[in-house]
Amino acid sequence: GSDELKFALIGCGGRGTGAAANCMSAAGLIKQKVRMVAVADAFEDRARSSLERLKKQHADRIDVPDDRVFVGLDAFQKAIDCGIDMVVMATPPGFRPIQYAAAVKAGKHVFMEKPCCTDAPGYRSLVETNKLADQKNLKVVVGLQRHHQAGYIQGVKEIHDGKLGDIQFLRVYWNGAGGGARDIGPRPQDDPDEMTYQIRHWGCFVWLYGDNIVEQHVHNIDIGNWVMAADGDPKKAHPVEANGMGGRVNRGNYGDIFDHHFVEFTYEGGIKMFSQSRHIPGTWNQVAEFAHGTEGNRGVSTGGGPKLESNNPYDQEHIDLLKAIRNDTRINEGWHGANSSMTAVLGRMATYSGKVVRWDEAVSKGPQ
């Protein structure tokens, strides 16, 4: 009943704080009234420090009294229930399926960071929630911001229009020295709470992080899926199987994750996508995606593209969400968010097991 959208920030780390700032900046660019009215995090220090940082940039768009600073593992539900229209969700990805389901069940529009799941049960939950979001006409945007970047929009369109001929294979990379994984040192002997420890250091534990192939390399894997979805056939929007290898060479306490992965994904029809992701200091850096076709090959992103309201894709993804809410146009990126997240999980399952892992078997509940 109001032209002002009220939103809650759920997950107040660096990316959550950045996403909330992007949302408010985006609102200013399109003259949309937006107000942040609640914050929620497992830890009070993070909730309050995020709020203070955001107030320095966007004080006129923030109305968060003490009784709407929600803390604890159930804080997300309290934020959803406090009279908002929309959530900005950036908790550790292991929590994403449960929190997304709660927001959609409550009828809220959603911006959620990638990845959207860290395992197959989470993927199955996402699929059911996406169906409900469609039924309720809710607007959902996922933080795979390349979908809101002119160079990628143009580049993928040209590939779909046949500029490279028939696709023969794809190469995608996120190789670098940093990332969520880091040496967190020995666990303090006087710390009795393993759950608190793992959530504080979520970038080192697979159930929360998904490993770097899922949490970070999902961006590049998503581009491969986007290129392969030329005719909109959902069966071609993800690979049908994967095999790969990986391991860890970094010394120290990196939790239970690998620091390098190589995966050969196979799409329906036999087209391959070769995937590298690595977090090892002093190694070759490459963050990019390449398509090889019968008429040539190149990086997927190109120059030019459509005129957008912002050259910053982190702002543009929020602009597109806010416009869809205001104009009641359909947008549900939960579908490609789920498929690309599960593609990355499929790759991790292959590198961890050393086996060929098929999509249908990976996402199945197993014998009933």
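The second largest pocket is lined by 11 residues, and those nearest its centre are His147, Trp226, Ala229, Ala237 and His336. A pocket here is an open set of points on a 1 Å grid over the protein atoms alone, where a 1.4 Å probe fits, with protein on both sides within 12 Å along at least five of seven lines; lining residues have an atom within 4 Å of a point. The model is predicted: local features need pLDDT of at least 70, side-chain atom pairs count only at pLDDT 80 or more, and totals for chains, interfaces and linings use all residues. Residues are numbered from 1 along each chain as its sequence is written, and side-chain values use heavy atoms, without hydrogens and water.

At least two residues of this second lining come from each of helix H10 (218-228) and helix H12 (334-353); H12 contributes the most, 4 residues. Helices (H or I, at least four residues) and strands (E, at least two) are DSSP runs, numbered from the N terminus.

The largest pocket has 28 lining residues, with Gly11, Ala90, Thr91, Pro92 and Trp202 nearest its centre. Two or more lining residues are given by each of helix H1 (14-29), strand E2 (33-41), helix H3 (75-80) and helix H4 (96-105). H1 has the largest share, 3 residues.

Volumes are the space filled by probe spheres set on the points, which are joined across faces, edges and corners. In the classes, Ala, Val, Leu, Ile, Met, Phe, Trp, Tyr, Cys and Pro are nonpolar, Asp, Glu, Lys and Arg charged, and the others, Gly among them, polar.

| Pocket | Volume | Lining by class |
|---|---|---|
| Largest pocket | about 430 Å³ | 14 nonpolar, 7 polar, 7 charged residues |
| Second largest pocket | about 230 Å³ | 5 nonpolar, 5 polar, 1 charged residues |
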